[in-house]
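Welcome to a short tour of a fold. Take a moment to look over the sequence and the structure, and then read on.

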Amino acid sequence: MSRGVLVAGIGNIFQTDDAFGVEVAQRLAGRILPPGVRVEDFGIRGLHLAYELLEGYDGLLLIDAVPMGEPAGTLALIEPERPEGTGGNQMAPVVDAHTMSPDVVLATLANLGGSVEKVLIVGCQPADLQDGMGLTPAVAAAVDDAVELCCQVVSEIIQPAGKGSRS
């Protein structure tokens, strides 16, 4: 039985294109999604996200501005590397609410003893991460495509391969 999928928009609305994940999550919240899918704008509250994941989810879809060296507005579906186990002398990552990256969220979750089976990131190449309000035109133009990509990815996580039929 599925424990559900959490779709989390992350980013800082006061740093121009870093608000990408927040904007996409807000638009997704108005969509009808499959049962078991929860969408939330976590903004810069990465520690809250890590604690929310302790509630138990089968899947996590993060939405974030991700510098990839591509043209601004380029979307990518990224499967992040999983953090190593947290035994022995391993240190917990430094938590800074203003720079809570997906890597830090996942490492914090692991340090808290939690895990998520499937983690994906819908990332968008930012044009500007300086202080400012509002997305740049290239990133704003990618929001609708990102919403569609998120819907597609969530459907694939909820409906595991081999279940249902497509003819």
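## A sheet and its helices

Five bridges tie strand β1 (residues 5-10) to strand β3 (residues 59-65), and these two strands run parallel. For one spot to look at, find A8: its bridge partner in β3 is L62. Please keep in mind that this is a predicted model.

Now let us step back to the whole sheet. It is an open sheet of five strands, ordered β2-β1-β3-β5-β4, with mixed pairing. At its edges lie β2 (37-43) and β4 (75-78), each of which pairs on one side only. On average, neighbouring strands of this sheet are turned by 15 degrees against each other, direction ignored.

Next come the helices that meet the sheet. Helix α1 (residues 20-28) packs on it, touching β1, β2, β3, β4 and β5 (118-124). The direction of α1 makes about 130 degrees with that of β3. Helix α2 (residues 46-53) lies across β1, β2 and β3, and runs at about 175 degrees to β1.

## Where helices meet

Each of these two helices also packs with another helix, as the table shows.

| Helix pair | Axes | Angle | Handedness of crossing |
|---|---|---|---|
| α1 and α4 (residues 137-158) | within 9 Å | roughly 55 degrees | right-handed |
| α2 and α3 (residues 102-111) | 9 Å apart | about 45 degrees | right-handed |

Let us take α1 and α4 first. Their axes cross at roughly 55 degrees, which makes α1 oblique to α4. On the α1 side, the contact is made by F20, E23, V24, R27 and L28. From α4 come V139, A142, V143, D144, A146, V147, C150 and C151. Sorted by class, this contact has 10 nonpolar, no polar and three charged residues.

Which side chains meet R27 or D144 in a salt bridge? They meet each other, at 2.6 Å from N to O. This pair links distant parts of the chain, with R27 in helix α1 and D144 in helix α4, 117 residues apart. The structure holds five salt bridges.

The second pair is α2 and α3. They pack at an angle of about 45 degrees, and are therefore oblique to each other. G46, L47, L49, A50 and L53 of α2 make the contact with V105, T108 and L109 of α3. Here the residues divide into six nonpolar, two polar and no charged.

Methods: Residues numbered from 1 in each chain as written. Predicted model: local features only at pLDDT ≥ 70, side-chain atom pairs only at ≥ 80, totals over all residues. Heavy atoms only, no water. Pairing = 2+ DSSP bridges. Helix = DSSP H or I, 4+ residues; strand = E, 2+ residues; numbered from the N terminus. Axes fitted to C-alpha atoms, helices over the stretch in contact; angles between N-to-C directions. Contact = heavy atoms within 4.5 Å. Parallel < 35°, antiparallel > 145°, perpendicular 65-115°, else oblique. Left-handed = near helix turned anticlockwise from the far one by under 90°. Nonpolar A, V, L, I, M, F, W, Y, C, P; charged D, E, K, R; others polar. Salt bridge = Lys/Arg side-chain N within 4 Å of Asp/Glu carboxyl O.
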